[in-house]
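Work through the exercises below with the sequence and the structure open. Each task is followed by its solution.

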Amino acid sequence: MSNPLLSPDHLPDFAAIRPEHIQPAITELLAQAQAAQEKVTDPDFPADLHAMERELDVATDALGLAWGAIGHLNAVADTPALREAYNAMLPAVSEFFSGLGSDERLYAKYKAAPIPHDPAEQRALKLALQGFVLGGAELQGEAKERFAAIQTRSAELTQAYSEHVMDATDRFALFVPPERLAGVPEDVVAHAKALAEAEGQPGQCKLTLHFPSYGPVMQYAHDRALREQLYRAYATRASELGDPALDNTTLMHEIVALRHKEAALLGHPHFASVSLVPKMADSAEQVLAFLRDLATKARPFAENDLAAVRAHALTLGLHDLQAWDVSYVSESLKAAQYSYSEQEVRQYLTLPHVLDGLFALLKDVFGLTLTPVEASQASVWHDSVRLLALHRDGQLVGHVYLDLIARPGKRPGAWMDDVRGRWKRPDTGHVQSPVAHLVCNFAPGADGQPSLLTHDDVTTLFHEWGHGLHHLLTQVTVGGVSGIDGVEWDAVELPSQFMENLAWEWPVLERLTKHVTTGEPLPRALFDKMLAAKNFQAGLQTLRQVEFALFDMRLHAEGPQDPLALVQAVRDEVSVLPPPAFNRMPHSFSHIYAGGYAAGYYGYKWAEVLSADCWAAFEEEGTANPATGARFVAEILARGGSRPAMDNFKAFRGREPSIDALLRHQGMALA
């Protein structure tokens with residue numbers, strides 16, 4: 001039987017991958033990579049970067065491609081058998097990559113290698129040496145063994161944390177009669193009815209904690225008791241207040257404790273210090289000062305936002321505003337203030353037409369032509385997934401897998417991930433084109449209608465495409481600094497947040513819209529109302545993000561402690577609307593416990609500063625100015641990680657970044 005994970009094809013054969021393929025394929029690829037590691041670390045092997053790349057990087061690329069495909073399926077098409085097979089091989093894969101990054105023999109070869117002439121190769125070498133230090137290559141004896149054990153155990157813990165969040169989300173179901181969903185959009189109710197009928201409960205509606213179900217109920221349902229029931233279930237996911245088998249409490253403590261032990265072994269005062277080495281920020285103190293300054297500036301606006309919510313709640317008969325009322329009251333307030341609702345806008349944003357408009361935009365702005373790959377040639381993991389080929393000037397740029405609809409067994413949220421990067425392969429001499437996954441969790445259509453998106457959904461789609469373009473439009477062919485590789489984690493959100501601005505441009509949004517029944521485009525008058533409401537509750541939203549980022553940075557800078565006590569202390573400092581005591585936000589904060597953002601969540605706000613400042617250049621020079629667009633592509637997107645992000649920014653903007661544009665864009669600039 002041929003094993004699809006051992007296929008050398010450019011695109012993984014996702015549809016053919018089965019759990020039973022994982023162990024034999026990964027075992028074989030690990031053996032090949034380990035053999036390559038031994039070969040290049042032999043004393044007789046030359047300290048030559050290109051020679052090492054031909055042997056070692058080719059072998060680790062094959063392993064990484066296969067393991068990446070398995071990890072992706074684990075995130076978007078989870079089954080008990082797949083999870084078991086993935087977890088069975090996770091320790092061996094973690095141990096190999098940990099051992100590779102801490103191999104003092106390999107580190108010595110890199111240090112002894114002549115410095116390349118090419119600037120991108122110089123940058124790649126610098127980052128590789130930095131990676132060896134952070135990977136424990138300078139440790140000896142028992143310390144090295146402890147470090148390796150920490151890496152393996154951490155991988156197991158973060159995987160278990162992620163599984164608990166997914167399972168706690170998937171396993172919740174609440175069946176209610178349709179009358180309890182008064183106020184909820186018709187298509188959401190229709191889908192809930194279809195889910196209940198599929199489970200043998202006709203006449204009922206099935207509600208879940210997946211956001212396309214949960215979000216509209218919290219926003220529109222008149223039934224306050226129903227909103228409270230769902231809120232409690234959502235806010236206590238993966239905690240001791242839910243299913244004990246899915247409680248993340250002990251995992252959280254052990255994950256953070258191990259990170260601080262890792263930092264101590266590396267000679268750092270805390271894990272935040274380790275995390276910040278490859279980032280733009282210099283220290284935890286600098287990040288905390290940035291966040292607290294932003295909180296101070298946002299607080300008066302947040303207090304005004306909250307006062308407006310409380311006043312409007314009284315008009316709705318809600319005299320004791322609770323957490324499960326806030327989205328409902330806010331939506332009602334927004335509709336009253338600006339004379340429109342998100343539900344009205346959704347009727348114009350059908351997923352097929354949004355994609356058509358987005359593809360046309362990518363052609364106009366970036367010269368990209370997107371062509372669906374024939375179903376017979378596109379091996380995908382679900383029938384809703386599309387594979388697109390991107391061309392420019394007749395040349396293949398890369399491929400993108402679009403997986404946009406929510407379903408059980410799929411991790412919540414939205415993300416872009418790379419399948420493989422642009423790379424001049426040392427084994428063939430050919431430049432390998434990049435491939436990306438672009439994943440969202442939009443509500444499926446109901447009763448034969450297409451999926452209807454909120455404008456927030458559209459900005460999410462644009463956000464992930466910004467990441468995708470960063471990965472796909474790189475002109476760098478050096479491994480480790482091509483596309484998003486090598487980009488500082490607190491700058492990697494710049495292109496994604498930059499793209500969100502386009503979703504607010506009338507010429508762009510107009511071409512995305514087509515009413516689901518009449519086919520009419522979005523009226524300009526409705527867009528003007530949306531624009532007037534763009535910064536609705538910007539103060540509250542900013543403080544919420546600062547709360548998450550402060551919790552993350554303090555958790556990793558202060559050492560192991562009770563996360564619930566810490567999150568309460570952070571809320572006491574910055575929040576104007578603290579959630580109830582039973583809220584267990586840390587238990588499902590996958591970004592920092594299982595998603596790579598540990599001591600890095602602040603990067604979302606820092607990258608907003610960068611992206612707003614970059615967008616200001618388009619405002620100054622004309623949003624349709626092709627010269628400005630070409631400069632943005634050339635200095636930021638095409639450069640990838642081949643030079644520091646601050647150098648990219650200054651090459652585009654001509655100066656250091658300023659927070660002024662962000663505050664102005666969010667309506668928080670002081671007069």
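The model is predicted: local features need pLDDT of at least 70, side-chain atom pairs count only at pLDDT 80 or more, and totals for chains, interfaces and linings use all residues. Residues are numbered from 1 along each chain as its sequence is written, and side-chain values use heavy atoms, with hydrogens and water left out.

**Exercise 1.** Compare the span of helix α10 with the expected one, and state what covers its buried residues.

Solution. 
1. Helices are DSSP runs (H or I, at least four residues), numbered from the N terminus.
2. α10 covers residues 249-265, 17 residues in total.
3. From first to last C-alpha α10 reaches 25 Å, close to the 24 Å expected at 1.5 Å a residue; the expected span is 1.5 Å times one less than the number of residues.
4. Buried (under 20% relative accessible area, 1.4 Å probe, protein chains only) residues of α10 include Leu 251, Ile 255 and Leu 258.
5. Their cover includes α6, α11, α20, α21 and α22.
6. Just after α10, Gly 267 has a positive phi of about 80 degrees.

**Exercise 2.** Describe how α20 and α21 pack.

Solution. 
1. Their axes (lines fitted to C-alpha atoms over the stretch in contact) come within 9 Å and cross at roughly 135 degrees.
2. Contact (heavy atoms within 4.5 Å) involves, among others, Leu 543 and Phe 551 of α20 and Leu 566 and Val 570 of α21.
3. By class, this contact has 11 nonpolar (Ala, Val, Leu, Ile, Met, Phe, Trp, Tyr, Cys and Pro), 5 charged (Asp, Glu, Lys and Arg) and no polar residues (the others, Gly among them).

Notes: Helix = DSSP H or I, 4+ residues; strand = E, 2+ residues; numbered from the N terminus. Buried < 20%, exposed > 50% of the residue type's maximum accessible area, 1.4 Å probe, protein only. Axes fitted to C-alpha atoms, helices over the stretch in contact; angles between N-to-C directions.
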